[in-house]
Amino acid sequence: MSDSEANELYRKNHLLAALPTEEYQRLLPHLEVVCLPHRQILHQINEIIEYIYLPTQALVSMVSLMEDGATLEVGVIGRDGIVGLPVCWGGGSATTQAIVQIPGSAIRIAADRFKAEFESHEALYHLILLYTQALFTQVVQTAACNRRHTVEQQLARWLLSIEDRIESEQLLLTQEFIAQMLGIRRSGVTVAATALQQAGMIRYSRGKIAITNRHLLQSTACECYKVVKNEFDRLIRLAHNA
C-alpha cells in the first residue's frame, strides 16, 4: 500500500479525519493498517488493553457477558469511533468484550503510545472527550431502547446504526448473531425481520441483510436512532470547528 493510499484509508476514520494536520502527522508514524476478521476479539473483559483500534471498514461490538453465558451488545463502533477508550481514562481494562461484528480494515496503534499522545496534545485530548460523550449517549440510549421498545423497533434502529458505520449496503449478519447482540430470542428476530421484509424495508437471505427502503426503516425505528445519530454528528462538528 502506497503512502497516499494509506493516508486516504486513515482519513476514513472520522476521529482521525477530525484531527488538525499537525497532530495527525504526529500520530502517523505509529499507525498501522490491520485487517480484522469476523469474530476476532480485540480485548477481553478485565484484561489489559494492548492496542487501540480505529475502524475504517470493520464494525466492532462492545458486548456485556452474563454469568449464564448470555450476551448483550451495549455499544457499536465503526468508522465513527475508537476501540479501547479505557486506556485514555486510566483504567487500562474494560468490563466489556470488544468483538469484530463485521470484518474489514482498521488502524491500530499501541495503547501506551496513544495514551501518551492523548495526555500531551490538546486537540486529541479534546476530540476523545467529545467522542466519549457521544459513546456514552449511545450506551445510555441502547439501555433505554432495550427496555422500552419493541423488537421490530430495536431491529430497525440497530440495522440503521450499523449501515451508518460501514461502507457496504449489504450487511453480513445471521439472525442468531443479531439475537445475541440484542439480547433477545432468535424467534423474536425472525418475526421482526420477516415483518420488515414484508413491508419492503429490508431484504434478508442466508445471513445477508440489505436495507431496501431506508426512509421507511427510519420511520419504523424508535427515536433512539435519531438521538444517537444527531449527538454523534453534533460532536464531530464541534471537533472539526475546534
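Reader: Which residue of β6 stands opposite V60?

Author: V60 faces V100 across the pairing. This is a predicted model, in which local features need pLDDT of at least 70 and side-chain atom pairs count only at pLDDT 80 or more, while totals for chains, interfaces and linings use all residues. Residues are numbered from 1 along each chain as its sequence is written, and side-chain values use heavy atoms, with hydrogens and water left out.

Reader: How many bridges join β4 to β6, and in which sense do the strands run?

Author: In a regular strand the side chains alternate between the two faces of the sheet. Here β4 (residues 59–65) and β6 (residues 97–102) run antiparallel and are joined by five bridges. Strands (E, at least two residues) and helices (H or I, at least four) are DSSP runs numbered from the N terminus, and two strands pair if DSSP finds at least two bridges between them.

Reader: In what order do the strands of the open sheet lie?

Author: The order of the four strands is β2-β6-β4-β5, with antiparallel pairing. At the edges are β2 (41–43) and β5, each of which pairs on one side only. On average, neighbouring strands of this sheet are turned by 35° against each other, direction ignored. Axes are lines fitted to C-alpha atoms (for helices, over the stretch in contact), with angles from 0 to 180 degrees between N-to-C directions. Helix α6 lies across β4 and β5 and runs at about 145° to β5.

Reader: Where does Q141 lie, and is it buried or exposed?

Author: An α-helix has 3.6 residues a turn, so residues three or four places apart point the same way. Q141 belongs to helix α6 and is buried, its relative accessible area being 17%. Buried means under 20% relative accessible area, exposed over 50%, and partly exposed in between (1.4 Å probe, protein chains only). Apart from neighbours within four places in sequence, Q141 is in contact (heavy atoms within 4.5 Å) with C224, V227 and V228.

Reader: Why is helix α8 described as largely enclosed by the rest of the structure?

Author: Helix α8 (residues 175–182) is so described because six of its eight residues are buried. These are Q175, F177, I178, A179, M181 and L182.

Reader: What are the volume and the lining of the largest pocket?

Author: Rolling a probe the size of a water molecule over the atoms shows where empty space is left. A pocket is an open set of points on a 1 Å grid over the protein atoms alone, with protein on both sides within 12 Å along at least five of seven lines; a cavity is a set where a 1.4 Å probe fits but cannot get out, and lining residues have an atom within 4 Å of a point. Points are joined across faces, edges and corners, and volume is the space filled by probe spheres set on them. The largest pocket has about 340 Å³, and D80, D164, R165, K229 and F232 lie nearest its centre among 21 lining residues. Helix α11 gives the most to this lining, with seven residues.

Reader: How does the lining of the second largest pocket divide by class?

Author: The second largest pocket holds about 280 Å³. Its lining has 18 residues, with M62, P86, W89, T96 and L135 closest to the centre. Of the lining, 13 residues are nonpolar, five polar and none charged. By contrast, the largest pocket has seven nonpolar, six polar and eight charged. Ala, Val, Leu, Ile, Met, Phe, Trp, Tyr, Cys and Pro count as nonpolar, Asp, Glu, Lys and Arg as charged, and the others, Gly among them, as polar.
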